[in-house]
Amino acid sequence: MFIPVAQSAFKTLRHAQPRVRLYFINKNAYSSQVEYKPIRSVLVANRGEIAIRVFRACTELGIKSVAVYSEQDKMHMHRQKADESYLVGKGLPPVEAYLNIPEIIRVCKENDVDAVHPGYGFLSERSDFAQAVIDAGLRFIGPSPTVVQNMGDKVAARIAAIEAGVPIVPGTDGPITTKEEALAFCQKHGLPVIFKAAYGGGGRGMRVVRKMEEVGEMFERASSEAKAAFGNGAMFIEKFIERPRHIEVQLLGDKAGNVVHLYERDCSVQRRHQKVVEIAPAPRLPIETRDKMTEAAVRLAKHVGYENAGTVEFLCDESGNFYFIEVNARLQVEHTVTEEITGIDLVQSQIRIAEGMTLPELGYTQENIQPRGYAIQCRVTTEDPANDFQPNTGRLEVFRSGEGMGIRLDSASAYAGAIISPYYDSLLVKVISHASDLQSSASKMNRALREFRIRGVKTNIPFLLNVLENQKFLHGVLDTYFIDEHPQLFKFRTSQNRAQKLLNYLGEVLVNGPQTPLATTLKPAEVSPHVPTVPLVTEPPQGLRDIIVRQGPEAFAKEVRSRKNLMLMDTTFRDAHQSLLATRVRSHDLLKISPYVAHKFNNLYALENWGGATFDVALRFLHECPWERLEEMRKRIPNIPFQMLLRGANAVGYTSYPDNVVYKFCELAVQTGMDIFRVFDSLNYLPNLILGMEAAGKAGGVVEAAISYTGDVSDPKRTKYDLKYYTNLADELVKAGTHVLCIKDMAGLLKPQAAKILISAIREKHPDVPIHIHTHDTSGAGVASMLACAEAGADVVDVAVDSMSGMTSQPSMGAVVASLQGTPLDTQLDLRNVSEYSAYWEQTRTLYAPFECTTTMRSGNADVYLNEIPGGQYTNLQFQAFSLGLGDFFEDVKKAYREANLLLGDIIKVTPSSKVVGDLAQFMVQNNLTADQVLEKAEELSFPKSVVEFLQGSIGIPHGGFPEPLRSRVLKDMPRIEGRPGEGLEPLDFDKLKQELKESHPNISDRDVMSAALYPQVTNDFLHFREQFGPVDKLDTRIFLTGPKVGEEFEVSLERGKTLSLKAMAMAADLKPNGDREVFFEMNGQLRTVHILDKEAVKEIHVHPKANKSNKNEVGAPMPGTVIDIRVNVGDKVEKGQPLVVLSAMKMEMVVQAPQAGTVKKLEITNGMKLEGDDLIMVVE
């Protein structure tokens, strides 16, 4: 039952005259006379949540509370919660400030303090402190100094236990101080053993040793840790009991010799001997074992004359045998669960006992104390469970707690803006649940922890949730191996932390500028494009994709060929913006219009929406996942086939890959929603083409083999690429099994007359194969050419919606639709829908002003028939020319492009071969070289890498062979590749690549692995960016590119039903000492701030360098802390796993090990240096 307390009565008693009672007691050093003397003020010689816990008890009892604080804690909450607070230990290290006994006594004497409460940790188990308090005429709220000394001394405590008839574990007779003594004990008694700090607890300085060769190192680490925590490194060694439960009995004793127990707690869920979760009472503990254990605890307390609160700890084995471990002569962290099940306030009880009240007067007789229900305490710490529980420090950017019925929170520094320092324990808040049974209590705790939102530092909440959901835990089947034997506890669903990451991104943009390079000085328009509405509750009408899904690629091709009207493929989602806007259009804007396209354009042949340059640009510049783009588009457009651009054996890259990479890529693409693969090769090199076709076909995709077009089949003087060249190539592709045949006119060179000649010839030879034409409108003749193709027998032509058409993009959709209305080739598209679709893109295009091709290109230009520059490259070349300071020489660049092409042998020009020509052209203009001079000086010039690799054969063999003598002069004795470049490459080990990536990015998917296979560094950078800044693809485009204006309100939709309301408030004018600038936001009505390193301003101040996570040679600090031991020097050779440095933080020591074998090239630290997380320690190459 719960003990009723009449607070007012006790407050009245406190102000009454002192009373003297006489007791006749003849043993155990209890006083024979007990004097009641009220306490009017209490100083707590501690910090953090325990200090606040005592202050609250004092306030409820009408007692003045007094705090002490170190210099590092001047902003800490505990000093603000006290009635008075005083600085101690000025100039001392953080922990030593709270160990400064003379100063604490001075504060007491100078400020009329009656009593001192030691809390737990620090001085709480120092008998000299208890004695100093009493010698100063003050009262010590705890056991007598003698009891504190004897119980704090593990050896004396063992002797007392033996004398009281309490079972003990074999161990050393006294404290030991050298590893030689430790080794001697281990050799005599055998392993396993456990090292314990002789003068402190809480898991500090505790190590289990199972191997004889580890005894010396373990002893030194444990002793060093104990000395740092308690001021004395002496150790006690015990035989280690396997599979024990850790049970402790809570006691209260008074000055008159009365002792009661408040039942037991199960503390078996622990890590590194640190308690993580505590339960009261201990589940599944037999009544007879409980009774024996509590009786033994009371017997020991009476034997030593124990008064005030304390705990007797036992190990209990599977047979019900229990062994004394130690007495904690103080309040414990987990006292809260006992309070919850008994209804007794232990801290108030401590104070009352110190005043002289007896347990019977308090109503605390053993028969009156009964447990009710189950209570659980979880210690929420700022430790990263995914990184071996390394302490995490920093600023709490967000703090929102879990509350409600049956939940109690004991905390100190848990508020937004609080700084978690590396100087003290990592405990953030204690969460206590109470309910009628264990499962209900765990359910309440689970709910409360899920309500927490903590950002800025990592916490162990994911780990605690796993513990609470473990079936063994829920049924109380526990021992101290519980955590070690349940590796699934360490499988976390990582907190997405999307909102705070997005704030960090916005702060980064505001402080350091755009995070994607802007091509021009133009700014995105302040416009919110109108999205035409469609009935989302109804499914879009069926399209051709239904045939692909139900009947397969062959049926699809047959259906396309059977249709008499001209079909269109819309390139707006890919090639159009690649040509006009440097491929920068984001998923955010594509997905907005997708439902409209699905409902109004269901009879399109396909949407070209993926592959080609969009893949790496998405990762590299837009910081979004191309696979997610494809997946999300498919959800919104289930009815229209999707087409992608596959660069044959180059997949979506710019180089050759092992064959299994291309096959795996196509397989994943189909799984994610791709239907049609337009397979091409930049040189029309048949072996490369056929590999891509086979990969696409095996994956289940529609194979659309493409012939890249150049030259002019209508000009009899252009003999290299004549009609026969193209018809022969078409024959080979049809023979290889293509479902659809494509003419890929990437530069817009296919004139209307040439179109008639070419398409008629292919149609005549292959009457049953659908023909698809792709072109660019650079010259302005695109619509005419596409109409000519249609009349000659083409089934499909490419167009872009009107506002995204023309110039280097595709011909106008509206123009083609209007031109064929009422004819047998009528596209069956509604011009009104085209107009509404175009209006959206006309507005959206203004958001991409920084990439607008019309900045440098005002109109189409028929000189493309001379220079043959592909449409997408034409725009990029202009931007490159301007960025290189060659803007005024772009005409020269175009002329040089023509010369470069001829120098290289008049090759097919499409990515990546077009890049080779472009690089050579820019090289010629920059160095003021003519074609003749290039050929003449070829042996001495340093050519662009792409040119050299092309001549080596790295992208295939061009039609007609390599240009001589240029090739021989450039390559000299360099190696040459014969045949298909990827043929000799070893298959990529995807499992190995995934494991390597997981070392830096634990939560990667198979898609991420595929991206890394194609673009290793780009993908690695993207993954780091995503982990740091979150889903930036959810931001509106203007906000993404240039950030919000101060005072601007905007929304971010993270997912269905989850929308953030944001407002940019201000940016601090002053820098922090570490170079950070504070940026203020309002999110969902609450103030949020982020600290952003000002990369420009920081150049003027010294800041310790950070380790680059993507550089495996750089070793960073795994946690904030102080360097206490450096074990290597510059020039030393190290092996993987070799200890390099020892760090100390939050009373824990950590050995930093070499991530790889190599040589220490650079050392960035010195002994005693304080480091932040990820600070560069050294470089190991």
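**Figure 1. Aromatic ring pairs, starting with Phe389 and Phe490.** In this predicted model, the count of aromatic pairs comes to 34. One of them joins Phe389 and Phe490: their ring centres are 5.8 Å apart and their planes meet at 90°, so the pair is edge-to-face. The two partners come from distant parts of the chain, 101 residues apart. Look for Phe389 in the loop between strand 17 (383-384) and strand 18 (390-391), and for Phe490 in the loop between helix 17 (471-474) and helix 18 (498-512). Phe389 counts as buried, at 3% relative accessibility, whereas Phe490, at 32%, counts as partly exposed.

**Figure 2. A stacked pair, Phe615 and Tyr1015.** Here the planes are at 25° and the ring centres 6.4 Å apart, so this pair is stacked. Phe615 belongs to helix 23 (residues 613-620), while Tyr1015 sits in the loop between helix 40 (1006-1014) and helix 41 (1016-1029), so the pair ties together parts that are 400 residues apart in sequence. Both Phe615 and Tyr1015 are buried. Widen the view and you will find a cluster, linked by ring pairs, that holds Trp610, Phe615, Trp627, Tyr654, Phe665 and Tyr1015.

**Figure 3. Two charged side chains over aromatic rings.** Arg243 lies over the face of Tyr481, at 5.1 Å from the ring centre.

**Figure 4. The largest nonpolar core and another one.** The largest nonpolar core has 182 residues. Which of them touch the most other members? They are Leu568, Phe601, Phe665, Ile773, Tyr837, Trp841 and Leu1014. Domain 4 (556-855) and domain 5 (863-971) each give at least three residues to this core. For a closer look, pick Ile773: leaving aside residues up to four places away in sequence, Ile773 touches Ile743, Leu750, Ile759, Met786, Cys789, Ala794, Val796, Val797 and Asp798. Another core, of 38 residues, lies apart from the largest one; its members include Ile279, Ile454, Phe463 and Phe482.

**Figure 5. Arg330, a residue annotated in UniProt.** The unreviewed UniProt entry carries an "active site" annotation that covers Arg330. You can find Arg330 in the loop between strand 15 (322-328) and helix 12 (335-342). Is this residue buried or exposed? With 9% relative accessibility, Arg330 counts as buried.

**Figure 6. Two cis peptide bonds.** Most peptide bonds are trans. The bond from Leu191 to Pro192, however, is cis, with omega near 5°. Pro192 is in the loop between helix 9 (179-189) and strand 8 (193-197). Another cis bond runs from Thr911 to Pro912, also with omega near 5°. There, Pro912 lies in the loop between helix 34 (890-903) and helix 35 (913-926).

**Figure 7. Positive phi at Asp112 and Met807.** Most residues other than glycine have a negative phi. Asp112, though, has a positive phi, near 55°. Its place is the loop between helix 5 (101-110) and strand 6 (115-117), and at 61% relative accessibility Asp112 counts as exposed. Met807 likewise has a positive phi near 55°, and this residue lies in the loop between strand 32 (796-799) and helix 30 (813-820). At 15% relative accessibility, Met807 counts as buried.

Definitions and conventions:
Residues numbered from 1 in each chain as written. Predicted model: local features only at pLDDT ≥ 70, side-chain atom pairs only at ≥ 80, totals over all residues. Heavy atoms only, no water. Phe/Tyr/Trp six-rings, centres within 6.5 Å; stacked < 30°, edge-to-face > 60°. Helix = DSSP H or I, 4+ residues; strand = E, 2+ residues; numbered from the N terminus. Buried < 20%, exposed > 50% of the residue type's maximum accessible area, 1.4 Å probe, protein only. Lys NZ or Arg CZ within 6 Å of the ring centre and 35° of its normal. Core = buried A, V, L, I, M, F, W, Y, C linked by side-chain atoms within 4.5 Å. Domains from an automatic or database assignment. Contact = heavy atoms within 4.5 Å. UniProt positions renumbered as here; feature names shortened; annotations may be inferred.
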